[in-house]
Protein chains: 2
Amino acid sequence: MTAASADAAAPDAKPLSQTQRAIALLREMVISNKLPPGSNHLEIELAALLGMSRTPIREAAIVLEGQGLVEVKPRHGVRILPIAPADMEEIYSILTELESLAAYNLANTRPGDVELSELRQHIDEMDSALAADDRHRWARADDEFHRSLVRLAGNRRLETVVTTYSDQAHRARLLTLFMRPTPSASNDDHRRLVDAIAAGDAEAARAIHRAHRIDAKNMMLKLIAAHGFSSV
Amino acid sequence: MTAASADAAAPDAKPLSQTQRAIALLREMVISNKLPPGSNHLEIELAALLGMSRTPIREAAIVLEGQGLVEVKPRHGVRILPIAPADMEEIYSILTELESLAAYNLANTRPGDVELSELRQHIDEMDSALAADDRHRWARADDEFHRSLVRLAGNRRLETVVTTYSDQAHRARLLTLFMRPTPSASNDDHRRLVDAIAAGDAEAARAIHRAHRIDAKNMMLKLIAAHGFSSV
DNA sequence: GAATTAATCAATGCATACATTATTTCGATC
DNA sequence: GATCGAAATAATGTATGCATTGATTAATTC
């Protein structure tokens, strides 16, 4: 352990500014639904909550507003944006298109065993989580799989956009996680996708992933329509 | 004219906060290359330049950083991000995909004459600008055409992302505007695209637009490769 | 003369103060 | 009792001050 720090794995973790802490903490609270969608929070309250002054809170709010998670309403504080079915429709459209592009591009790069096994590890983890009937773990692995897919495609901006909209969708996915049927069929798609990527068949990779995402979107929208939505 | 205001078209234009002014002014200066790519600007200098304190400058810098136009470097002020060929590659990939999606979706909505004529007006304006050999006017109309296309598709988030990356690409387009051949063939693509949309042929609309964007990207990259890039 | 270290300088990160302005409350009038 | 208006309240937008810390310059040693 280094002399200066006792927490992270990085040998010389910089002190991390208050603004960065505020961003990380608020983001986590939003996407995990700890701050309920539709709720308002005054800057002073958030400042007190996180033990800092209004300045870093404001800066964090601006960042999170840019990421579509909150809205700064002049006299009502920071409003946690709700996610309506129409929003999910928008988000999934974009994710479908961009992740499919990632799959296409990745297949064209002819990735090596390192990259492919990274993807396959996440798939195995999903299977394992399913076997243990641990949906949270499954969801995390699913997330990681999609994140890896996009990262390996090598377009940093693509990564950024996909992360932004995945974050927005995250809360809705949490809500439907236990409403949906067992997501075992999903892994068949994943395996076929990785096989197509390994074979360098870019068109197939794109088609498989697009179909996968469209299925996911339809299921999500159906669940939301059936169960309603707590958002305001 | 209203009693309170003497400038805008809106009857009751709110005073517009300093932060909002800073965002608008800095964004314009960045995407028009008035602030050279790669240059650094201390918060105090920008504050003096725009006649305000550091606070709104900081907030604006955060917003523009989120839009990929600048980078806040702790001791060196705000750095205007340069655009390298690799960045253009990333940006055009994303724009190609998302605008093609917009074309696809718009075609599926079976837009009425109002929408279609909006698109066609921009095409006519491009023709007119070309006839007058006014490339700046052409570029503006081309921009408007693409912006309309995406807006009419009706996905607000899609609009946001496309605007973000169009802004990033804007400076490079300015640089190559006078290097490229006369962009008259481009309008053939636009007309075929609108026809496909009018006919409700979503697949054709997507294919036409994708090809259009890929052509544009290849030309841009070739120009940049040939001419080099002033970016640092 | 080069390199290493100490001292100076400067820009930022953050807290705080204050003016502005939307909201709310209280009172008065109908 | 309800509605309108005015005063009070509260939250923000912005400016400013200060401590921190990175950068830069000077100085000293080899």
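Predicted model: local features only at pLDDT ≥ 70, side-chain atom pairs only at ≥ 80, totals over all residues.

Residues are numbered from 1 along each chain as its sequence is written, with chains lettered from A and ligands numbered from 1 in the order in which they are written.

So, DNA strand C: 16 residues sit around it, and A:S17, A:Q18, A:S53, B:E43 and B:G77 come nearest. "Near" here is a C-beta atom, placed from the backbone, within 6 Å of the strand. Helix 3 of chain A gives the largest share of that surface, three residues. Helices are DSSP runs of H or I, at least four residues, and strands are E runs of at least two, numbered from the N terminus.

Over on DNA strand D, 16 residues surround it, the closest being A:G77, B:S17, B:Q18, B:S53 and B:T55. Here helix 3 of chain B has the largest share, three residues. Helix 2 (43-50) of chain A and helix 1 (18-31) of chain B also each supply at least two.

Now the sheet in chain A: three strands, open, order 1-3-2, antiparallel. Strand 1 (40-41) and strand 2 (70-73) of chain A are at the edges with a single partner strand each, so one side of each has no neighbour in the sheet. Pairing takes at least two DSSP bridges, and strand 1 and strand 3 (residues 77-80) of chain A have two. In strand 3 of chain A, A:V78 is the bridge partner of A:H41.
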